[in-house]
Amino acid sequence: MKKRLTLMVLLALVTCLLAIPARAATITVGSKAFTESELVSELYADALSRAGFHVVRKQDLSSAVIYRATQTGQVDLYPEYTGTIVLAYLKKDASGKPAAAVARLAARGVKKLGLVTLTPAPADDRQGIAVRTVVAKRYHLKTISDLQRQASHLRFVSQGEFDKRSDGLPGMERVYGKFRFKRVTDYADGLKYRVLASGAGDVAPVSTTDGQLTSKQFTLLKDDRHLWPAYNLVPLANRKVIEQHPKVARVLNQVDAKLTTATLIRLNRQVTVEGKNYRQVARAWVKKHLKGGDLR
Amino acid sequence: MNAVVTYFQTYGGEYWQEVGQHLLLSGLALAISLVIALPLGYWGSKQPRVAAVCTAFSQLLRIVPSLALLFLLIPLLGTGLVPALVALVALALPPLLVNTVLGFTQVDPTLKEVGVALGMDARQLRRQVELPLALPYLLNGVKLALVEIIASASLAAYIGAGGLGVLIFTGLGLYNLTYVTIGGGSVALLSLATMVGFDLLIKKVKANGPGN
């Protein structure tokens, strides 16, 4: 009698286990090693897990590694920029092209690599050059052309990557002429505003959506010769993943549609200036701005 | 291989500048550590309590990861050469201190007594008996410290102190393996040269040393 009971309980258990639907699909979301990339990857991750996916995070990868990892499938998707894809990865010229054309170039270019770009967000985070406002006033710097003329008085706070990337310093020199800075020193990317603020440097390559640029301490120079095209935020994904899970594209496009340049600046500011944790900032935003309907 | 040649043709000047920065940073860090560790270690060999403090302190320093130390120092010392030097000195002190204490304590007391019997004053005793006998240990400490410094000086690139680390981090960012190989290879070569050089020197000092 007892034996039969045990058997029945076991049988019931097995039936229960079989009735549970297959485990939710796992999506690996990556990011590069700077605030905005971490933040937006977290927006994606959070939205996807709310939409029922099992999300694995691989954040803070170097920008070259993540591009390859997405092709091999070690990372399924991550936030990228249309301009970066075209200039840095595909090594094509996009100077002076409108945003839609850059996005098209990017979409077409990554296709051969087994990648796909989803719908670009309205947010545009361009490469830019910022100077300490005090210095900008002293040398009358408003544009990058002004900077090129006064370079010999100024110390450039760079990173090795910007010194060598084709849309970095080499690109600037191609379009504006040689920059003969008084000194070029490389730092970790996260330190540039601190170095500028401390007075140990004058000029730095920045992202135009950096939260710190809302401070009057720094002045963004105008790219008067239009070296940098639009860098619209766009999810870059492994094509197989999007084919298998079309819902991923739907969810991310909902997130992207709401990401404007102003939103990005505000989110970045909360992390870099107000010192909040990027995960919490992302979670709060997703909770407030994504309704259940967006995640279906 | 071609890529390496191209690199040197294009950025040869930059490379040697980075090697120069790397060596300057390492040399300065070693000099500062020696100034601290030698007197402290000597004192420690006379006073067991000081030696105990030195050892405990060394162990403690070893626990702190150097990269963390670099970033922790930024609010205090800013960026550039100074915080990099402080971090490297912290790395170099443990092997130097431990070996200095060891070097001076292993000097046979009988030999010191002989020195005293020959009428040597404290200074002569230190210069002519203790120091030569402790020298192989001291050099060994310097070797270990320098190898550690040269390898870790790469991290200084993060906080604007330059050096071969710049090449390594640039290469990582761009997925340019040529840069990583040249940078990493050069650091490895410098470490290896230091190690081999000091081993030869220690051998020579031991062979010429008194008592043999």
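Modeller: Gladly! Helices (H or I, at least four residues) and strands (E, at least two) are DSSP runs, numbered from the N terminus. By that count chain B has eight helices and zero strands, whereas chain A has 14 helices and ten strands. This is a predicted model, in which local features need pLDDT of at least 70, side-chain atom pairs count only at pLDDT 80 or more, and totals for chains, interfaces and linings use all residues. Residues are numbered from 1 along each chain as its sequence is written, while chains are lettered from A and ligands numbered from 1 in the order in which they are written.

The part I would pick is helix α13 of chain A, residues 261-272, but let us start with its surroundings. The C-alpha atoms of chain A fill a box of roughly 95 × 40 × 30 Å along the principal axes.

An automatic or database domain assignment gives the domain bounds. Chain A splits into domain 1, made of 26-124 and 231-295, and domain 2, which is 127-220. Taken over C-alpha atoms, the centres of domain 1 and domain 2 of chain A are 26 Å apart. Where they touch, domain 1 of chain A contributes 15 residues and domain 2 of chain A twelve; contact here means C-beta atoms, placed from the backbone, within 7 Å. On the domain 1 side, the elements giving two or more residues are α4 (82-89) and α13 (261-272) of chain A. Here our helix stands out: α13(A) gives the most to that side, with seven residues. By class, the domain 1 side holds eight nonpolar, four polar and three charged residues. Ala, Val, Leu, Ile, Met, Phe, Trp, Tyr, Cys and Pro count as nonpolar, Asp, Glu, Lys and Arg as charged, and the others, Gly among them, as polar.

Helix α13(A) also has a helical partner. It packs with α14(A), residues 278-289, at an angle of about 145°, and the two axes are 9 Å apart. In that contact, L267(A), Q270(A) and V271(A) come from α13(A), while Y278(A), V281(A) and W285(A) come from α14(A). Five of these residues are nonpolar, one is polar and none is charged. The axes are lines fitted to C-alpha atoms over the stretch in contact, with angles from 0 to 180 degrees between N-to-C directions.

For a contrast elsewhere in chain A, take R68(A), which lies in helix α3 (residues 63-72). From C-alpha to C-alpha, R68(A) is 26 Å from L264(A), and the two are 196 residues apart in sequence. R68(A) counts as partly exposed because it has 14 other C-beta atoms within 10 Å.

Finally, back to the partner chain. The C-alpha atoms of chain B fill a box of roughly 65 × 40 × 20 Å along the principal axes, and 37% of its 212 residues count as buried. Chain B and chain A meet through 14 residues from chain B and 18 from chain A. On the chain B side there are eight nonpolar, six polar and no charged residues.

Technical notes
Contact = placed C-beta atoms within 7 Å. Buried ≥ 20, exposed ≤ 12 C-beta atoms within 10 Å, placed from the backbone.
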